[in-house]
Amino acid sequence: MKALLIVAHGSRRQASNQEVFNLAQSISTRSDHDFDVVEAAFLEIADILIPDGIEQCAKAGATEIIVMPYFLNSGKHVTQDIPEVITAIKSQYPDITIHVTKHLGASPVMADLVLQTATTLLR
């Protein structure tokens, strides 16, 4: 069973955190992907930190977890903090494969997304 864990920074503003939960929920209801479970978690500040998100995926029966940093740039959180959290927690789940993808901003479709969004927002 494959899970997607979307990891954002976390905010003191609950509405910002809710946007990430809404994104995970929206993805989970779609049928055009290979994930059995889609969850959201945060690096800091907000409830449901990365270890909690991993635990949720594990409790749902995940045997593989894809952690996707929902960040636009490859700053310290992406290059160091998130990988360190994942490395520290992997030993607690020896039967689960956990991968960390590149951050969202590294996606090859990002330029198209920016252009499409800018054009749409003009209308």
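This is a predicted model: local features need pLDDT of at least 70, side-chain atom pairs count only at pLDDT 80 or more; totals for chains, interfaces and linings use all residues.

Colleague: What is the order of the strands in the open sheet, and how do they pair?

Modeller: The general idea goes like this: strands of a sheet pair through backbone hydrogen bonds, and the pairing is either parallel or antiparallel. Here you have an open sheet of four strands with parallel pairing, in the order 2-1-3-4. At the edges sit strand 2 (37–42) and strand 4, each pairing on one side only. Ignoring direction, neighbouring strands of this sheet are turned by 20° against each other on average.

Colleague: How many bridges join strand 1 and strand 2?

Modeller: Six, and strand 1 (residues 2–8) runs parallel to strand 2. To find your place in that pair, look for L5, which stands opposite E39 in strand 2.

Colleague: And what about strand 3 and strand 4?

Modeller: Strand 3 (residues 64–69) and strand 4 (residues 97–100) are parallel too, with four bridges. To get from strand 3 to strand 4, the chain passes through helix 3, making a right-handed β-α-β crossover.

Colleague: Which strands does helix 1 lie across?

Modeller: Helix 1 (residues 14–28) lies across strand 1 and strand 2, and its angle to strand 2 is about 170°. Helix 2 packs on the sheet as well, touching strand 1, strand 2, strand 3 and strand 4, and its direction makes about 165° with that of strand 2.

Colleague: At what angle do helix 2 and helix 3 cross?

Modeller: Roughly 50°, with the axes of helix 2 (residues 50–59) and helix 3 (residues 76–90) coming within 10 Å. Helix 2 and helix 3 are therefore oblique to each other. Their crossing is right-handed.

Colleague: Which residues of helix 2 and helix 3 meet there?

Modeller: From helix 2 come I50, P51 and I54, and they meet I82, V85, I86 and I89 of helix 3. Sorted by type, the residues of this contact are seven nonpolar, no polar and no charged.

Note on methods
Residues are numbered from 1 along each chain as its sequence is written. Side-chain values use heavy atoms; hydrogens and water are left out. Axes are lines fitted to C-alpha atoms, for helices over the stretch in contact, and angles run from 0 to 180 degrees between N-to-C directions. Helices (H or I, at least four residues) and strands (E, at least two) are DSSP runs, numbered from the N terminus. Angles under 35 degrees count as roughly parallel, over 145 as roughly antiparallel, 65 to 115 as roughly perpendicular and the rest as oblique. A crossing is left-handed if the near helix is turned anticlockwise from the far one by less than a right angle, and right-handed if clockwise. Contact means heavy atoms within 4.5 Å. Ala, Val, Leu, Ile, Met, Phe, Trp, Tyr, Cys and Pro count as nonpolar, Asp, Glu, Lys and Arg as charged, and the others, Gly among them, as polar. Two strands pair if DSSP finds at least two bridges between them. A crossover is right-handed if, with the strands pointing away from the viewer, the path from the first strand over the helix to the second runs clockwise.
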